[in-house]
Amino acid sequence: MNLMRTFILLFCSTVFSFTSGNLLSQNAKITIDSDKTISVDEVFEIIKSQTDYTFLYQENLFENLPKVKVERGVIKTNTLLKMSLPAGVFDFEFTSSNSIIIKQIIAIDEATTIGEQQTITGVVTDGNNIPLFGVTVLVNQNERGTSTDMDGKYSIEAKEGDVLSFSYVGFTNQEFTLTASQTTINVVLKESAAALEEVVLIGYGSQKRKDITGSVTKVDLKELKKLNSSSIDNALVGRASGVYVVTSSGAPGSSASIRVRGITSIFGNNEPLYVIDGVPIEIGQGLGNSYYSQNSSSTLSPLSSINPQDIESIDILKDASATAIYGSRGANGVVIITTKKGSYSSVPSISLSTRGSVSRFTKEYSMLNADQFHNIVKTAYENAGSDLPEDDQLYPYGSDVNTNWQDETAQDAFDTNYYLNANGGSINGGSLYSLSASINDQKGAIYSTSFKRNNVRTKLETKLSENFRVGTNFNYSDTNNKGSNTTFYYQTIKYRPDVPIYDEEGNFGADTGGVQSNPYARVRYPSYVDSKNLMISLFGEYKLMQGLMFKSTYSYSTATNKSFRYTPSHDVFELRNNRKGTLNQSDSQFSSRILDNTLTYNKSFDKHDFNSVLGVSYTQNKSEFSSIKATDFPDDNVMVTPGAASNLSLSSGGTISGLSSYFLRANYNFDDRYYVTFTGRADNSTKFGPNNRRGYFPSGALAWRISRENFLKDIEFINDIKLRTSYGKTGSANFSDFQYATFFSSGSFYNNNNGVVSNTIPNPDIKWETTNQLDIAVDYSLLDRRINGSLGYFHKKTTDQILYRDVILETGGRSQYSNIGDFQNKGFEFQVGVEIFSNEKFQWTTELNLTTIKSKVLKLNGGYYNNLIEGESMSYFSGYKVAGIFQTQAEIDALNAASPEGVYQSSNTAPGDFMFVDVNDDGFIGDDDNDIIGNAEPDFFGGWNNIFRFGNFEVSTLFNFSVGNYLYNNNKKDLLIFNNYSSNYSTGILNAWTSENTNTNIPRLVASDPNNNRRDSDFFIEDASFFKLKNINIAYKFNPKLLEKLFIQRASVSLSASNVFVITKYTGLDPEVNYGGASNFNQGYDSASYPPVSTISLGLNLNL
Amino acid sequence: MFTSCNLTDVTDIDPVYQISEDKVITNIDQAQTALYGTYGALIKSASYITYTPAITSMMGLTMKPGVWGGGTENSFFTNDVLSDNYYLELIYTDMYFLINNANHVITKTEILETEDSRKNEIVAEAKFLRALSNFYLLRLWGEFFDESSSNGIVLKEEPIVSANPQARASVLETYNLILEDLEYAIEYAPSFSDTFYASSLAAKALKSKVLLYKKDYSNAAQIALEVINSSDRELEDTFSDVFTKKIIGTKEAIFQTPFDNSNDRNNKAFMYRAYFGISDYYISQMENDARYEAAIAYTSSGSARNNKFNNSVYSGVPLTADTEYFIRLGELYLIYAEAVLRGDNDIDEALAALNNIRERSENTLISSTNKDEILEAIRVEKVLELGAESGEEWYDLVRYHKEGDIDINTYKEISSDTKLILPLPIQTVQLSEGLINQNPGY
């Protein structure tokens, strides 16, 4: 095994973060603990573990050297090296940058020394044209070396005849001999094995993938970016096992709901904790689910302020071992996002990309035209035995008017994006910078809906002294979003087709009986959300001694949101209420300041490897809001500001919370074989009373690299197998502040005096919700590392879940929050990546992930919320069951006769109506016949990604799927079952039951729905299992030689399409929706408020 | 504070825009703000101003469920209320909410070290509100007609710190606390200046009513007379003036709630049209009374409406908001009449007080020398004068029935005397860990 040798390779990050200010002399003392015989590689390891030195040398240099005998005691570095390396064959020198460069002394070829030194530059990329960062570039094996920067660029002095070698962990080495004219050498390295050395970000630190003991999914960012999503949450679909992502709608700027291993909290928000460049961000400001869902229409998710193109890595922490370091906020998983960082290159790397897309709804409803509409209205009234509505009601604008509202409210949905990025730094690693700016301008498929974002970002860091490094991050974005939370589509299609856009006088036409203006007018009402986000942080990092580092980071983030919604005076509802325009304006501000201090310690000796992080973190969050409802404006266009209104009402408020925390993580491994991890965090939160303020969240993990044991060592097809398990506790405190004591707030008015009253029934015992999670998994790498993946089982039990509990009424209240529920989520996660073909001409890799989750309410202990039932999942639907359609009166009479009430379901039931199932067999349909009729939770879900490469082309296809989940197709209720003539129906209603058309499942047309066919029933609950081609991306790389003349290093074009096709039985527009994503209990609800779109994009990337 | 402390003392915070219990009353101004909040509890929900008067008037004679009313409302009309009734829970809870806030004001203001004379006044006003609420709770849920009964109400004299249950006090203990609070209010509350706030006069008026219920008739008469003779209030010139003036420039109201067109647009008048109508009995009684037109109106479609709470105007804006007359001087005359008759057998005084009211309303005067006849005339007069207002006639029926003056079943069919009071809300009984007993018969 050559795993041990890889540590010697130069990793920029390692070198520069661990470089000592006190240059060790070559006389630094090395302690040998016992007499032994060791390999040269082990010598290096000893030196490395006891000094600051890193090594630069060619990978296989010492393969055949004899072992070295060392004696217990103290020896100088210099001496030890001399002992180990045969004189005359190797030479070594100590450099000023704490590297020891080891050279093989070779016979000097006179001719080559004559050549003139010149600067050789180039870019090192992988087979996918992605720049490789940190590739070791050596001249003549060991003469001198450098490494590539973030963009894969390097620059080194060499002369004709020199041999340049390129080596990188996980890739096959390559060598080139310089010819006279060459000054540029671009290298494509081929992957040699699974990226075990890949660095994975975990809380407050990083770890090599091979050393991970918990469940952490690293998202393949270059694949993720192919989705061209404007926000990162939507792009995570199908990328990671255990992570269920459902886009809320097709509106520009809409968010997605993300559940990492299921729901853990009822009042809390179940979105994961995001840590963006070290700053924890809680969706909904950590104030709980009701706050989040109430405010989701007037604020934008902080995630939408980040341009996905700025992101360098995403790691998703799932199990207790990985998330416990975030303690009370870790129960829903943690998503760690870092943005791009500068690189060690004096030459700036500038990249420019632009993309244009066009979108359309994946599917639209076909609606009745005015004639068809009038016909079914007439039939329905005849069937009901009632008089037809008066002509002025039935034909408000005459019988000739026919408006297709879908067409009248559509717009061309173009999306344009520009992104500019410059990365660079000083070659000695002293300073690094990364700057970027971007513009997104996206239009939705419905008139006036849009998402616009301007974003600037910088990351700077520099070395103040050998041991002291400081840096700063800055990210600002302003975003304007129109219509992401509207129900435009739904309102549009249902509007009566016999109303014109304008009446004869030029006023907007309107359904005289309705309360809504026509869709053409409505989409023109001013309505937007403006959001400004700022994240800044400053850090200082000081190396106290070998292996011991102190880092302090101060971060501040703030988000302001302004929501503006104006209903003009000509609106039907305004007219009816004698109002001249209504403005709803709300302003909110959230700010968070965080001080993190960490101490990291790493130590390796012999086969022992130890690293740890100890830290304290202080967080304070504040939020404020004010909202204004203003009515009666002098005009509808100019003076629409609260000050111009005749009537104002205002509400305002805010909250504050603090969290101070101590945390520790210690990893130990022996021989890369046995691993132990302990993680713990103590949180002190102001959300709880003095007795329950402190929460402790410990976790432990064990891993065993079984493939290193003798009994597996010789099995050839096994490259690596690691068994791991973890158990631990995380918490959730994601609900409104200050429930533990009595507080007074204003708003109790009396005779125009504003008084204060108590606002809570205090529960002094309120405390954290606790999630205990067990994780058992195996990570594997097989068949020459062509098959890699993991398989795991998790079991999450949440206790002390906060629910409402009734209280005695003498408290002056009815209920209070109390820790009483027990919930459970368990399931399997499976992930595999296979390199199917890999030859010079054609490569095909495929990656599949699959997750099963079952949630269950274990105990409610007298608490309640919504429709929760012990023993059931948390997201089931309840309603009546439809047995079929009554075909004859005799069937109805028979059931009525058998009913103790004399009526089976309704006295007006007639053939063509639904027959509901008498679940409790009492002879009639009552409330008790409501039953569980479906579940929004899938049996399993996942993603399947394929990458094909041939020549300069690369094709990626991402499929996502979900099986066994049900959707409440609310549209069927309004579009297929007749109620009255105030709204339009889809053409599907033409297939309604009649005595001639009996082979249908759509009930008869009847005015006022006397049988209540529209009641909640399984007619509306549909199996929404689907298999979807989520995205296909075709990229072409231009030949670098062609580009050189244009001063362009690299260029590629890509064509991609999203939501290409879907295979499903679901009859709604698209099975992949979640309109109530913000609410814990409104999952799986399809109201077609803004259907998903399919998008075709064309993108161009240039690197200067 | 040092910057570093600012950075790290993140948990040393107080909530914003809300004040913790220990800081809410540290001076007189804050005590006044908390007192306003407690007053606000009178109008924040419809319990005091709409539901309580409406359900008692339905239990009594003058109201019935309105066109939108359903079974929940009707159960009061048929005097057969179940313990899970929506209104029960609402009214019971809201009244304890006020009591809890009054307790905050009382206990926290009492310990303020200040010479400010408002200190005692604020405590007195809060005690008046607590007494009012306790009296309302006792009348609805306690056996107020039997001083020896153990079925009083739960008495809260301290702010709650948790949801732990507490047993009911006896009826006598309840009366004692109510009277103790009122005596404090009589001594320390401000003298009368405004109908919206508790005053010494309002405390006397309420005390006379409490003593009447407690059957301490002589004392009730004496204190009612003090109120009548006070120069602060006098009867309106006409009966209809009471309901057209409402809250502006009134002469008669002693304690009532305000309303306005911004923060307090309560919906009382609408509720009195939609959910709570006037009873046929009341209409038939009023038909031969001079107060008929002022009390009852008819819509264009011919349906009868409670004209006492029909239309209000605030700053020129017509509203469906209205007031609640907790006590107006008119009632004091009738309390005095009954108390002086029962306690002192003073027929002349009783008749004079009764006729004072009949004279003001331009009805024929009553001339009788028979005590029982006059007692009955006073009860009937309360239906005519105070009907469809605050349900006073229901308690009169109960008191007269318990005194043996009448058989309540002559007026309302009541299945059992246990139905003379309401069942405690089921939630509170179930969660009380056996400490709170349900009323007998429920």
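**Entry 1: buried or exposed**

I began with a definition: buried means under 20% relative accessible area, exposed over 50%, and partly exposed in between, with a 1.4 Å probe and protein chains only. I noted that the model is predicted: local features need pLDDT of at least 70, side-chain atom pairs count only at pLDDT 80 or more, and totals for chains, interfaces and linings use all residues. Residues are numbered from 1 along each chain as its sequence is written, chains are lettered from A and ligands numbered from 1 in the order in which they are written, and side-chain values use heavy atoms, with hydrogens and water left out.

I looked up A:Arg261 with this rule. A:Arg261 is buried, because its relative accessible area is 1%. A:Arg261 sits in the loop between β19 (256-260) and β20 (273-276) of chain A. Strands here are DSSP runs of E with at least two residues, helices are runs of H or I with at least four, and both are numbered from the N terminus.

**Entry 2: positive phi**

Most residues other than glycine have a negative phi. I looked for exceptions. A:Arg261 has a positive phi of about 55°, although it is not a glycine. A:Ser448 also has a positive phi, near 75°, and is not a glycine. I found A:Ser448 in the loop between β26 (431-443) and β27 (450-465) of chain A. A:Ser448 counts as partly exposed, because its relative accessibility is 25%.

**Entry 3: nonpolar cores**

A nonpolar core is a set of buried Ala, Val, Leu, Ile, Met, Phe, Trp, Tyr and Cys residues joined through side-chain atoms within 4.5 Å. How many residues does the largest nonpolar core have? I read 149 residues, and B:Leu42, B:Phe128 and B:Phe255 have the most contacts inside it. Helix α6 (residues 118-141) of chain B gives the most to this core, with 14 residues. Another core lies apart from it, with 29 residues, including A:Leu236 and A:Ile276.

**Entry 4: a surface patch and its strands**

Next I went to the surface. Patches are made of residues with over 30% relative accessible area and no salt bridge; nonpolar side chains (Val, Leu, Ile, Met, Phe, Trp, Tyr) are joined within 5 Å, like charges within 9 Å. Accessible areas come from the Shrake-Rupley method with a 1.4 Å probe, and for residues only the protein chains shown count as cover. One nonpolar patch has about 710 Å² of accessible area together, and A:Phe950, A:Leu1055 and A:Leu1098 are among its residues. A:Leu1098 is exposed, because its relative accessible area is 53%.

A:Leu1098 belongs to strand β54 (residues 1093-1103) of chain A. Two strands pair if DSSP finds at least two bridges between them. β52(A) and β54(A) pair in the antiparallel sense over nine bridges. A:Leu1055 has A:Leu1098 as its bridge partner in β54(A). Strand β51 (residues 1026-1037) and strand β52 (residues 1050-1064) of chain A are also antiparallel, over eleven bridges. There, A:Lys1028 has A:Val1062 in β52(A) as its bridge partner.

**Entry 5: an open sheet**

I traced three strands of chain A that form an open sheet, in the order β11-β8-β14 with mixed pairing. Its edge strands are β11 (153-158) and β14 (187-189), and each pairs on one side only. Strand β8 (residues 118-126) and β14(A) are parallel over three bridges. The bridge partner of A:Val124 in β14(A) is A:Val187.

**Entry 6: salt bridges**

Side chains of opposite charge can pair when their charged atoms come close. A salt bridge is a side-chain nitrogen of Lys or Arg within 4 Å of a carboxyl oxygen of Asp or Glu. The count over all chains is 72 by this rule.

A:Asp315 and A:Lys218 meet in a salt bridge at 3.2 Å, N to O. The pair links distant parts of the chain, 97 residues apart: A:Asp315 is in strand β22 (residues 311-317), and A:Lys218 is in strand β17 (residues 216-219). Is A:Asp315 buried or exposed? A:Asp315 counts as buried, because its relative accessibility is 0%. A:Lys218 is partly exposed, at 22%.

A:Glu574 forms a salt bridge with A:Arg579, with the closest N and O atoms 3.1 Å apart. A:Glu574 counts as buried at 2% relative accessibility, whereas A:Arg579 counts as partly exposed at 21%.
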